[in-house]
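Dear colleague,

Please find the structure below, handed over for your study.

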Amino acid sequence: MKKMKRTAAFAAAALLTATALAGCSSSDTSATTAAAAADTTAAAADTAAADAGSSEKGVIYGIYKAGDQTWFIDEGAAAQKKVEENGDEFIFVDAKMSPEEYLKAIDNAIANQAKGIVTCIPDQTMSQAAVDKCKEAGMPIVAADDALQNDAGEKIAPWVGINAYVIGQANGDWLAAYAKDNGLVEDETSGLLILTMDTVSSCVPRAEGEYDNFTAGCPDFPTERIFKADYDGTTDKGNTAATSVITAHPEIKKWMVTGANEEGTIGAVRALESAGLDADACVVGLGAYMAKDEWNNKGADGTCMKAATYFSSDSVGTGSVEVLYDVIAGKDVPQETAVDAVVVTPENYKEVMGKGLEGLHALRSVGAVYMASP
């Protein structure tokens, strides 16, 4: 409000100066100068109105592909906290993995004149349609977790998430160490299962990192004992995919399993329990938000979930909103922003996850992933 008064005062002073000058000029010059002064006053009023409008309370939408999953619930809560700290309202939308629900939510955000959108899209092939809608409406949008990208895989909106390949590498390293420490490289009854999500760009590098670093760490582990199975990111589908491979390979008695997200690896834990193979199995999760429940409820010896890469949903939720506000303010933002991670086990998860992992940085400067010994 003070800024509006100062701007108006400046405009009034300009008008008085123009009028005084008019008394020493021809009538044509006076008319021209007065008109210019009027334009200055109008422009100042417009600027003041714009400044006032930008400080008014608004709405930020968080539209997530699977709003009933723990990761997105926690991410949305962190985003909401950051939005409310900025004096705005946050609306959480569960797209229920439905393209129709997702585009409807985008339309609603535009219709309600939201300040902007943070989002994880259910189907990346819809990215261009979503971005085009927002661009036409002048609506800032920032992707969280899964990128908004074109057919060539290039990001078409700022993205905040995890460094997927590095996190996959951490899981691969941990499993390689576990295999060597437990004599599984030479054991013909051992096998590795990597659950994949090949239709989600942010998940593909996770599986690649897992495979690359496991095989680098255990070069003598036979590739014919390494299996892959694709799923959609849900616990049920992870369970189904794991069960299919386990059933098809009865010669494998000692399974090592990792995957593309926490839900899938929990599905594998349940599949191994159902098959009676959990006692000699080792599952490594991604996220640790479900692994911690296994350890809290069953203890270290009561579950075959032996480790998990922890990356903070709070950091992604908070970071996506921070980037969005920077976009709204007209600042230049990096196209890619990633959060760090750490491998946790039943021995250290309370300490690590209690502290959380703070801080965001550009993907080009992603730091090391820290690991606990298997």
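Ring pairs join Tyr64, Phe72 and Phe92 into a cluster. Here rings of Phe, Tyr and Trp (its six-membered ring) pair if their centres lie within 6.5 Å; planes under 30 degrees apart count as stacked, over 60 as edge-to-face and the rest as tilted.

Before the other findings, a note on the source is needed. The model is predicted: local features need pLDDT of at least 70, side-chain atom pairs count only at pLDDT 80 or more, and totals for chains, interfaces and linings use all residues. Residues are numbered from 1 along each chain as its sequence is written, and side-chain values use heavy atoms, with hydrogens and water left out.

Aromatic pairs

The structure holds eight aromatic pairs. One of them is formed by Phe214 and Phe221, whose arrangement is edge-to-face, with 5.2 Å from centre to centre and 80 degrees between the planes. Phe214 counts as buried because its relative accessibility is 1%, and Phe221 counts as buried at 3%. Buried means under 20% relative accessible area, exposed over 50%, and partly exposed in between (1.4 Å probe, protein chains only).

In another pair, the ring centres of Trp295 and Tyr349 are 5.0 Å apart and the planes stand at 55 degrees, so this pair is tilted. The pair links distant parts of the chain, since Trp295 lies in helix H10 (residues 291-298) and Tyr349 in helix H12 (residues 349-355), 54 residues apart. Helices (H or I, at least four residues) and strands (E, at least two) are DSSP runs, numbered from the N terminus. Both Trp295 and Tyr349 are buried.

Salt bridges

Side chains of opposite charge can pair when their charged atoms come close. The term salt bridge is used for a side-chain nitrogen of Lys or Arg within 4 Å of a carboxyl oxygen of Asp or Glu. How many salt bridges does the structure hold? There are 14 salt bridges.

Is Asp88 buried or exposed? Asp88 is buried, because its relative accessible area is 4%. Lys115, at 22% relative accessibility, counts as partly exposed.

Asp107 and Lys133 also meet through their side chains in a salt bridge, at 2.8 Å, N to O. Asp107 lies in helix H4 and Lys133 in helix H5 (residues 127-137), so the pair ties together parts that are 26 residues apart in sequence. Asp107 is partly exposed at 34% relative accessibility, and Lys133 is partly exposed at 29%.

A further salt bridge brings together the side chains of Lys298 and Glu273 (3.1 Å, N to O). Lys298 is in helix H10 and Glu273 in helix H9 (residues 262-275), so placed that the pair links distant parts of the chain, 25 residues apart. Lys298 has a relative accessible area of 35% and is therefore partly exposed, while Glu273 is partly exposed with 27%. Arg270, Glu273, Glu294 and Lys298 are linked in a network of salt bridges.

Two loop residues

Met97 has a phi near 60 degrees, a positive value in a residue other than glycine. Met97 is placed in the loop between S2 and H4, and at 40% relative accessibility Met97 counts as partly exposed.

Gln113 has a positive phi of about 55 degrees, although it is not a glycine. Gln113 lies in the loop between H4 and S3 and is exposed, with a relative accessible area of 70%.

A contact in space

Thr196 belongs to strand S6 (residues 190-196) and counts as buried at 5% relative accessibility. Thr196 and Ala229 are 33 residues apart in sequence, and 5.9 Å apart in space from C-alpha to C-alpha.

Yours sincerely
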